[in-house]
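Dear colleague,

I am handing over the structure that we spoke about, and I would be glad if you read through it alongside the notes that follow.

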Amino acid sequence: MAPRIKHDKPGLWSALASPIGKKVLTGITGFAWAGFVILHMAGNLSYFGAGEAYNEYAHKLLSTGPLLYAVEIVLLICLVIHAILGVNIYLGKRRARKQGYDAYRSAGRPGLQSPSSRTMLLTGVVLLVFLVIHLKSFKFGPGIAEGYSLLVDGEPIRDLKRLVTEKFQHPIYAFGYTGVMVLLGFHLRHGVWSALQSLGAMNRRLTPLIYGIAALLAVGIAAGFVVLPLYIYFFAP
Amino acid sequence: MAQTMTIHLKVWRQSGPDAKGKLVDYTLENLNEDMSFLEALDVLNEELIKKGEDPVEFDNDCREGICGSCGLMVGGIAHGPMKATAVCQLHMRHYKDGDTIVVEPFRATAFPIIKDLVVDRSAFDRIIAAGGYVSVDTGGAPDANSLPIPKEHVDEAFDFATCIGCGACVASCPNASASLFTGAKVAHLAHLPQGRIERKERVVRMVDQMKAEGFGDCSNHGECEAVCPKQISIAAIAKMRREYLRALFG
Ligand code: SF4
Ligand code: FES
C-alpha cells in the first residue's frame, strides 16, 4: 500500500474555499435554483390548465407546510452561498488582473466565452432584485384576507390566478417580467453547462453536446416563463 | 518572390517592473511576408538599435513552438489570431499590407512585467514544484515496456503533457485563472501509473499553490482552450476538479 500523507488532505473549510471548492459550491447551489425554476415554470403553465388547476396547484404547494419551509430554507441558503461566491469570484478576478488590456478579443471557438458567460454577475444581480419584488408582489402579496379568494369544495383558497391576471395586465409588470426572464435564459445559458464543468462532469466528447443542450434548456425555460405574462397582457379578458 | 508589406505596430513599452508603461507607435516597411511575427520584431529592434534607442524586450527561445518561452498578446489575442500557433510560429502573411497590430504583454498580477513585453512566469514553476513530479524507483533503469498502460490512457496523458507552459491560458482568461495550465499538469499525471503515490497530494498542493500565486478563479469561459498553442482541452480542468474531489472524499 502506498503511504498516505495525511496532512495534505485539506480540511472541509479550506477545501470549500479553494478554487475547486468554490466552483463546486457555485455549481450545486446553481443547480438547486435551476431545479426550482423548472418547477416554478411548470406551475406557471398550469395557468393554462382546465378549471382551477392553477389555484389548486398553488394551494397544494402551500399545504405541504413544513416541507415547503424546508425547501425554502435550502433555497435561501443556496442563494446566499451562490451570490457570495459570485461576488467573491468577481473581486478575485479584479485582483488577478489589475491592469486590463488596451486591445482584447475573444479567439472564438472552441472557447465558450459569450455575452452570457461575461454577464453572469450582472444578470445575477438583476435576478436577485427581481426576486425580492416578485416575492413581495405574489408570495407575500394580497391573499384571502384581501378578497383574493374563491371556494373550492366549500373551502376558501387564495385566488392567485386573479392576482396574477391583474398584475400582468399592467405593461410594466408584463414586460418587466418578460425582460427579466430573458435575462434568466442568459444566466442559464452559461450556468447550466458551466455547473456540470465545475462539478468535473465534463469531458472532451460531452462538452459540445451538453453545451448545446444547455442552450435549448435556457431558451425553453425562458420561453416557458414569458408565455404567461405575454398571454395575459395581450389576450386575457 | 515574397511580397513585402508595411505594418503599423502599437507596442507596450515599459522600462521596468514599477515604471508606467504605454503603447508606442512604430511602422515597419518592406517586411517580408514569410517572416514570423518575432522576426518582424527583430527587424524593429535592429532599427531601434541603429537609432540608438532601447530595443523592445520580448521572451523567446526555440522559435519553433515547442519551448513555451514566447508569449505576446497580438491584436488582443494571446499568441495572435492563428489557432494552435505560438507567436513564434505566427507569420506575417496572415496580415494585410497596412494593418495595425497592438502588441501587449501577458497581463496577470501573478505574471508581473519585468520589462516591455517580458513577464515573470515563475509562478508556473512554483505550481509544478508543488506537486507536478513523480516518485521513481532507484537502481537500474527498468525495461521500457515493463509498465503496461492502456493506449487510451497514454493518448489522454500525452495530449495533456503537450502543455509548454507558455501562459497564454492565463493571459486570455477574463479572470486571469491558471486552471488550464494546472489542470493539464494534474490530468497528465493522473492518467499514468507513475506518480500514483502522490496522486491525492498532487492536486491539492498544486491547486493551493495556484491560489497562493494570486491567479483568478475559473468561470468556465473556455477562452484558454481557444488560444492554447497546444489545444489543451478544458477537459483537463474538469479532470482536475474530479481529482480534487477524489482527494477529498476518495
Ligand atoms: S495550457 Fe496551453 S496555453 Fe496554457 S500554458 Fe499550457 S500550452 Fe500554454
Ligand atoms: S519561442 Fe519557443 S515556443 Fe515560441
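Between chain A and chain B of this predicted model, 35 residue pairs are in polar contact, counting pairs in which both residues have a pLDDT of 80 or more. On the side of chain A that touches chain B, the elements that give two or more residues are helix H1 (12-16), H2, H4, helix H5 (115-118) and H8 of chain A, and the largest share, six residues, comes from H4(A). Sorted by class, that side of chain A has 19 nonpolar, 18 polar and 14 charged residues.

The contact between the two chains takes 51 residues from chain A and 58 residues from chain B. The size of an interface is often given as the accessible area lost when the parts come together. For chain A and chain B the buried area is about 4,600 Å², and carbon and sulfur atoms give 53% of it. In chain A, the residues that lose the most area to chain B are Ile20(A), Tyr101(A) and Arg204(A), which together account for 15% of what that side buries. Three salt bridges are found across the interface of chain A and chain B, and one of the salt bridges joins Arg204(A) to Asp159(B), with the closest N and O atoms 3.7 Å apart.

Turning to chain A by itself, its secondary structure comes to nine helices and two strands, which follow the pattern α-α-α-α-α-α-β-β-α-α-α when read along the sequence. The C-alpha trace of chain A spans about 70 × 45 × 35 Å along its principal axes. Of the 237 residues in chain A, 41% are buried, and among the contacts in chain A with a separation of 6 or more, 73% are between residues 24 or more positions apart.

An α-helix has 3.6 residues a turn, so residues three or four places apart point the same way.

Where they meet, 15 residues of domain 1 are in contact with 13 residues of domain 2, and the area buried between them is about 930 Å², with 55% given by carbon and sulfur atoms. One salt bridge is counted between the two domains of chain B, and the side chains of Asp59(B) and Arg121(B) meet in a salt bridge at 3.2 Å, N to O.

Finally, is Val56(B) buried or exposed? Val56(B) counts as buried because its relative accessibility is 3%, and this residue is found in the loop between helix H1 (37-50) and strand S3 (73-74) of chain B. Leaving aside neighbours within four places in sequence, Val56(B) is in contact with Val11(B), Arg13(B), Leu44(B), Asn45(B), Leu48(B), Asp116(B) and Leu117(B). With Asn45(B), the separation is eleven residues in sequence and 6.2 Å in space, C-alpha to C-alpha.

With best wishes

Methods
Residues are numbered from 1 along each chain as its sequence is written. Chains are lettered from A and ligands numbered from 1 in the order in which they are written. Side-chain values use heavy atoms; hydrogens and water are left out. Contact means heavy atoms within 4.5 Å. Buried area is the accessible area (1.4 Å probe) that two parts lose on being put together, summed over both. A salt bridge is a side-chain nitrogen of Lys or Arg within 4 Å of a carboxyl oxygen of Asp or Glu. Helices (H or I, at least four residues) and strands (E, at least two) are DSSP runs, numbered from the N terminus. Buried means under 20% relative accessible area, exposed over 50%, partly exposed in between (1.4 Å probe, protein chains only). A polar contact is a pair of N or O atoms within 3.5 Å; within protein, one must be able to donate a hydrogen and the other to accept it, and residues adjacent in sequence count only if both atoms are side-chain atoms. Ala, Val, Leu, Ile, Met, Phe, Trp, Tyr, Cys and Pro count as nonpolar, Asp, Glu, Lys and Arg as charged, and the others, Gly among them, as polar.
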